[in-house]
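I am opening a notebook on this structure. My plan is to look things up one topic at a time and write down what I find.

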Amino acid sequence: MQGGERSFAQVVVPSPLNEPLTYAIPPALRKSLRIGMRVLVPLGKRKVAGIVSDFLAQTPRQQIKEILAVLDDRPVLDSSLLKLIDWASHYYLAPVGEVLATILPPALRVHSLRVLAAKPGAFPEAGELERKILEQVRRRKGRLTIRSLARIVPEKRLNRALERLSAMGALEIKERMSSRKSMGGLESALATPPADGAGQHGGSPQGFTLTPEQEQAMALLGARIEAGGFETFLLCGVTGSGKTEVYLRSMELVRRANQKSLILAPEISLTPQLLDRLDERFPSRVGVLHSALTPSERWDQWWRILDGRVDVVIGARSAVFAPLPHLGLIIVDEEHDSSYKQEEGLRYHARDLAVVRGKLIGCPVILGSATPAVESFENCRQRRYRLLELSQRVEQRPLPSEEMVDMRGETRDGGRRTEDRERVPGRRSSVVGLFSSRLKEALQVNLARGRQSLIFLNRRGFANFLQCRKCGYVRRCPHCSVSLTLHLREHGLYCHHCGFRELVRDLCPGCGNPSLTALGFGTETVEQEISRLMPEARIARMDRDTTTKRGSQERLVRRWQKGEIDILVGTQMITKGHDVAGVTLVGVILADLSLNLPDFRAAEKTFQLLTQVAGRAGRGQEPGQVIIQTFAPDHYALRYVTSHDYKGFFASEIEFRRALNYPPFRRLVGLRLEGPSPQDAKAKAQLLGDALRQHDGPGIHERVEILGPAPAPIEKLRSRYRWQILLKGENSPSVLGLAKRARALFPRSHKTRLFIDVDPYNML
Ligand code: ADP
Ligand code: ZN
């Protein structure tokens, strides 16, 4: 739309409205206003900041309000990001304002503050509380907001008192905008210091020659980057095959073409190592976005990126919305990782949005993984993505040798039982059978040779639960339908879902007997057992419990890299991003944990997890060895891990998905009903289920299957009861159509709420 016709603007405001709102543009603002700028607009009684998403020439019928002010001198979102917002809002059935709120850093979401101003005079009719308020307001002339006053006086009484004061004419409530133009200072703290010697610009500091497979991948990527245009590549490369090197060189090509790159990585693998490698190649030109940033750091990064002061942005999930101008390449590392799926608010999948963004801009997208998502590999088979393969490790290093130990044999052997444990609260445990003799021996040999070992168990804590031997009582979380996990070091029982904790008691709360027994095991148990078996080893543990303090994980990794730890025990956290040459042995304590979850992706997730953890072995000169303990040695997911055969795994898995009508052959939408009342959640779920079944769109029931309603596997979570309905559709239009219908049918209920999850990942 051209200048003269700009009389009206569509404005997206951060609110649960499904469409942008229309406002009139005052003549004085018409010249300067552009799409993507923030404006201040009236919304009900409030004033809020919104983003101009379009201009309209025609006069809308109804009376409309005017834009009050323009908040920026240039757009904060470009047109491709606005299109992405629009796309996400339609696809994920989320209000466009909610998408906007997800994207903008908090500091850009301007709010109006209500500031109090006192009038002169005496007001004898004021009560005690009212006088106290007046005193506060007078003391801080024109600087006291309602918010800060609320901290001094309890909210409920406060509002009534304020109303009375303003009715008496003692007080005025003025509106002021909180706008922070710049927060300074941090920028320099965050910017990477220039590298020593400075002559490295543009070159590849590592002088190694690419492997033939890397060469081939680069030839195809290089051609596409040069030609421009959208195309999605799936870089399928075994661990240690040099995928990261391919990303770095592609980004260098993009920079040479004066364009910028965006690389997404799972939060957990945004390790100092990866950031160091980026800094080395792009000194002072790397922007970083992740969840540990404070709002002001986030704000500074946002402007650095928007101003074009970086060439590369690396970030976790939400960085898919990074405001990079001249974006020429998007990379998604570990594209199969489930942390790309946001599980609250806007339930988006960052990998999928990365591909959409590439398409909207017209730039190439690289998805990389050793174990691609089944959906992604199927997209290669359908020729929607182009496959680039790296089947060999660099420098002809061998893949680790992998073997399985059948724990069914181990448990029979001499009556060892993993579950049978001594009483708690307790001193040292003596868990027999946690380690097979094979793994024990290998750990001892590796230690004697001065090599490092990793032990993986994807469960924290000391015992899964505490049970009374006399009455069978099991301590459960009061807020969730799960048992509490025992953590020995803190001497507490923890809920792994909501964080609830309590101290361990000596007596059973059920029958009063001192007969509580710890059952099951976790990383804490493994750590304790290994120190008992090998007292001379330097042992450390890496899981959520040992890495809560800022920087603690980083310190652990540095020690690990320097060889100061012989045996590292850990959860999923140890599986990614770490490239430690001294590690030659990886032991997996119980491979079955993730196999047995009620989730159609259980086999896929297990294959991915174990391949990742096994890939930590033998990355240096010495070959690696992997020992996997399991009760299900015949499961195909495990067999293909040990033979390093992704394609074999895919071939089995895709047949399972086809037979049971799961993605990628069907599209899923989860409808989840959540509320504080178990009866209401169930009743609403049944009502909705019935309504959907009776709904007769043309041919809808041939194209969409309705499963449920049924209680979610974890029915109670954080004191909310959860029921779900699963829609399985032939294609996304039909399944989204019915989900939209559900949204329209579901009454705006105070008690039970409906959450719509398009392409759900979390089936629990
Ligand atoms: P991946 O991301 O596939 O696990 P990386 O890119 O991290 O693999 O490469 C593993 C290691 O090998 C890194 O230390 C990297 O610097 C090195 N490397 C990458 N490509 C080559 C190559 N062509 N020759 C020698 N070393 C390489
Ligand atoms: Zn809980």
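Entry 1: I looked up Cys-498 and found it partly exposed, with a relative accessible area of 28%. I note here that this is a predicted model. Cys-480 reads otherwise on accessibility: its relative accessible area is 2%, so I list Cys-480 as buried.

**Entry 2: disulfides.** With cysteines in mind, I searched for disulfides and the count came back as 0. I checked Cys-236 and found that its closest cysteine sulfur is in Cys-380, at 7.9 Å, which is too far for a bond because a disulfide needs the sulfur atoms within 2.5 Å. Cys-236 counts as buried at 11% relative accessibility, and Cys-380 counts as buried at 10%.

**Entry 3: aromatic pairs.** How many aromatic pairs does a search of the whole structure find? I got 12. I looked up the pair of Phe-600 and Tyr-662: the ring centres are 4.4 Å apart and the planes are at 5 degrees, so I call this pair stacked. Phe-600 lies in the loop between β24 (583–588) and α17 (602–614), while Tyr-662 lies in the loop between α19 (646–659) and β26 (667–675); the pair therefore ties together parts 62 residues apart in sequence. Phe-600 has 7% relative accessibility and counts as buried.

Next I took Phe-607 and Tyr-646, whose aromatic pair is tilted, with 6.1 Å centre to centre and 55 degrees between the planes. Phe-607 sits in helix α17 and Tyr-646 in helix α19, so the pair ties together parts 39 residues apart in sequence. Both residues are buried. I also found them in a cluster linked by ring pairs, together with Phe-377, Tyr-636, Phe-649 and Phe-650.

**Entry 4: charges over rings.** Tyr-662 came up again here: the charged end of Lys-728 sits over its ring, 4.2 Å from the centre. I noted a second case in Arg-601, whose charged end sits over the ring of Tyr-761 at 3.8 Å from the centre.

**Entry 5: the backbone.** Most residues other than glycine have a negative phi, and most peptide bonds are trans, so I looked for exceptions to both. Pro-663 and Pro-664 are joined by a cis peptide bond, with omega about 10 degrees. Pro-664 is in the loop between α19 and β26. Another cis peptide bond joins Gly-708 and Pro-709, again with omega about 10 degrees. Pro-709 lies in strand β27 (residues 704–717).

For phi, I found His-644 at a positive value of about 55 degrees, though His-644 is not a glycine. Its place is the loop between α18 (636–642) and α19, and its relative accessible area of 32% makes it partly exposed. Arg-718, also not a glycine, has a positive phi near 50 degrees. I found Arg-718 in the loop between β27 and β28 (720–729).

**Entry 6: the whole chain.** I left the overall view for the end. The protein chain has 22 helices and 29 strands. Buried residues make up 53% of the chain.

His-695 and Ala-540 are 58 Å apart in space, C-alpha to C-alpha, and 155 residues apart in sequence. His-695 lies in the loop between α20 (678–694) and α21 (700–703) and counts as partly exposed at 21% relative accessibility.

Terms used
Residues numbered from 1 in each chain as written. Chains lettered and ligands numbered in written order. Predicted model: local features only at pLDDT ≥ 70, side-chain atom pairs only at ≥ 80, totals over all residues. Heavy atoms only, no water. Phe/Tyr/Trp six-rings, centres within 6.5 Å; stacked < 30°, edge-to-face > 60°. Helix = DSSP H or I, 4+ residues; strand = E, 2+ residues; numbered from the N terminus. Buried < 20%, exposed > 50% of the residue type's maximum accessible area, 1.4 Å probe, protein only. Lys NZ or Arg CZ within 6 Å of the ring centre and 35° of its normal.
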